Every structure is written in structure tokens, then in C-alpha cells.
Amino acid sequence: MLIARDKKLFKSILKEEHVQEHLRVLKKHHKETYYHSLRIGLLGIKIGYKNSLPKRQIKLLGYAGLFHDLGKLNVHKKILSKSFPLNDDEKKMIKQHPRWAFLKLIAFKEGDVKKIIIQNHEYGKDPYPRKGKDRRETKREFEERRKKDLEIDKLVQIIAIIDMYDALAHKRSYKEPLDKKKISEILKKEFKGDKIYIDQILNL
Ligand SMILES: [Fe+2]
Ligand SMILES: [Fe+2]
């Protein structure tokens, strides 16, 4: 059940003018992505509270959830709504969306939100922009970078698990919603982050 502090913080973020502006454009471009982004923002805040994170980090989760797919504004709505598999060029284009979101938010004062967004597809089955293979090849470098940024990494994992969960739990142009049991199976197989977040999202 939604508790008041989640709603209150979410509403206060939604009132910010720049947030409204981004969301207005996104809603016009692709409604499904818009509603998905609202859900990710709210769930981000909920999981943030559940983990007793500092308020600043919870706010970052709210922003990152709302903005994580802003880069899809650069992808034609016909591609976003396709009900059959994407071709290679289309896949390549979709994979640009974290970078494009980063660029759209270049002037945004909360720089950490951009860091979360650029990495939020690195914990799935087919990670990008950094692929699993690249990660293994530069493991030491990767670990050093990660150590420096453990706080951000935690937030990235939270947005990643919520994003994966939401895509599985809701109808998309290419698939029907799945039940909890199936979602749990897929997340356990495909989510590369801390497994604790799988239980948290399934038991919200
Ligand atoms: Fe995305
Ligand atoms: Fe998403």
C-alpha cells in the first residue's frame, strides 16, 4: 500500500517546472513510456524509503525514474510501438536512449541523476552501453570505478530492477503482462545486480 511520505515526495517532484516540461513532451510523444516513467519514479521513491536511504538519494531515485527513458524522445513512436521484433538498426537506435537522456538533462543541477540514467541498462540480460563482455575484459578498471561510486551504483541497481519489473508486469506493444511467478523467474535469471532488490520489488 502506498504510504503518505512516498506520495508527498513524488508530488513535490512532479510540481517542479522542469519536471513538468519534460513529462509533457514525453506524454505527447509516447504515452506508454510516459506512464511507465511515472511508475518508475514512484517505485524508486518507495524502494528508497524501504531501504531507509537518505532523503537526497530517495529524491535522486524519483528524478532518475521519471527521466530514465527521456532519450526515447529521439526514437520514432512507430519504433516504440512496434508489436514485432525490432531489426538491428532499430535495436541500435533504442540502445542510444540512455545517452540521449543524459544529453537532454545536461543542464540539470542534480548531476548524479545523469550518472544513474546512463548506467540503468547495465544490469539486464543484454547490458548496454557497457556490455558484459567489455566489463569482464576491464574488470579491474571496472571495479575501481565502481568502488568510487558505490552510492550511485546502488541507485542504478534500484532503477534497473524497477525498470525490468515494470516492463514484465505491464502490457507492452510486443507482449502481454506476466504473472508474479514468471516475473520472479525472469528477474532471478536476468538481473545482474544485488538479488535483495528482486525480493523488495516483488514484495512491495
Ligand atoms: Fe530504458
Ligand atoms: Fe524504462
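Analyst: A residue is called buried when its relative accessible area is under 20%, and exposed when that value is over 50%. Please note that this model is predicted.

User: Is Asp69 buried or exposed, and what is its relative accessible area?

Analyst: The cut-off for a buried residue is under 20%. Asp69 falls below that cut-off, so it counts as buried, with a relative accessible area of 2%.

User: Which residues coordinate the iron ion (ligand 1)?

Analyst: Donor atoms are found at 2.1 to 2.2 Å from the iron ion (ligand 1). Along the chain, these donors follow the spacing D-x27-H-x23-H. One donor is an OD atom and the others are NE2 atoms, and they belong to Asp69, His97 and His121.

User: How many residues apart in sequence are the parts that Asp69 and His121 tie together?

Analyst: Both residues coordinate the iron ion (ligand 1). Asp69 lies in the loop between α4 (55-67) and α5, whereas His121 lies in the loop between α8 (111-119) and α9 (132-137). The pair therefore ties together parts whose separation in sequence is 52 residues.

User: How far apart are the two iron ions that Asp69 bridges?

Analyst: Asp69 bridges the iron ion (ligand 1) and the iron ion (ligand 2). The distance between these two ions is 3.5 Å.

User: Which helix gives the most to the lining of the largest pocket?

Analyst: The largest pocket holds about 1200 Å³ of space. Its lining has 33 residues, and those closest to the centre are Ile94, His121, Tyr128, Arg172 and Tyr174. At least two lining residues come from each of α3 (31-50), α5 (77-80), α6 (88-94), α11 (150-169) and α12 (180-190). The helix that gives the most, with 5 residues, is α11.

User: How many residues of the lining of the largest pocket are charged?

Analyst: Sorted by class, this lining has 13 nonpolar and 8 polar residues. The number of charged residues is 12.

User: Which residues touch the most other members of the largest nonpolar core?

Analyst: In soluble globular proteins, nonpolar side chains tend to be buried together. The largest nonpolar core here has 50 residues, and α11 gives the most to this core, with 12 residues. Leu187, not counting residues up to four places away in sequence, touches Ile161, Met164, Tyr165, Leu168, Ile198 and Ile201. The members that touch the most others are Phe67, Leu187 and Ile201.

Note on methods
Residues numbered from 1 in each chain as written. Chains lettered and ligands numbered in written order. Predicted model: local features only at pLDDT ≥ 70, side-chain atom pairs only at ≥ 80, totals over all residues. Heavy atoms only, no water. 1 Å grid on protein atoms, 1.4 Å probe; cavity = no way out; pocket = protein on both sides within 12 Å on 5 of 7 lines; lining within 4 Å. Points joined across faces, edges and corners; volume = space filled by probe spheres on them. Helix = DSSP H or I, 4+ residues; strand = E, 2+ residues; numbered from the N terminus. Nonpolar A, V, L, I, M, F, W, Y, C, P; charged D, E, K, R; others polar. Donors = N, O, S within 2.8 Å, 3.2 Å for Na, K, Ca; no water. Buried < 20%, exposed > 50% of the residue type's maximum accessible area, 1.4 Å probe, protein only. Core = buried A, V, L, I, M, F, W, Y, C linked by side-chain atoms within 4.5 Å. Contact = heavy atoms within 4.5 Å.
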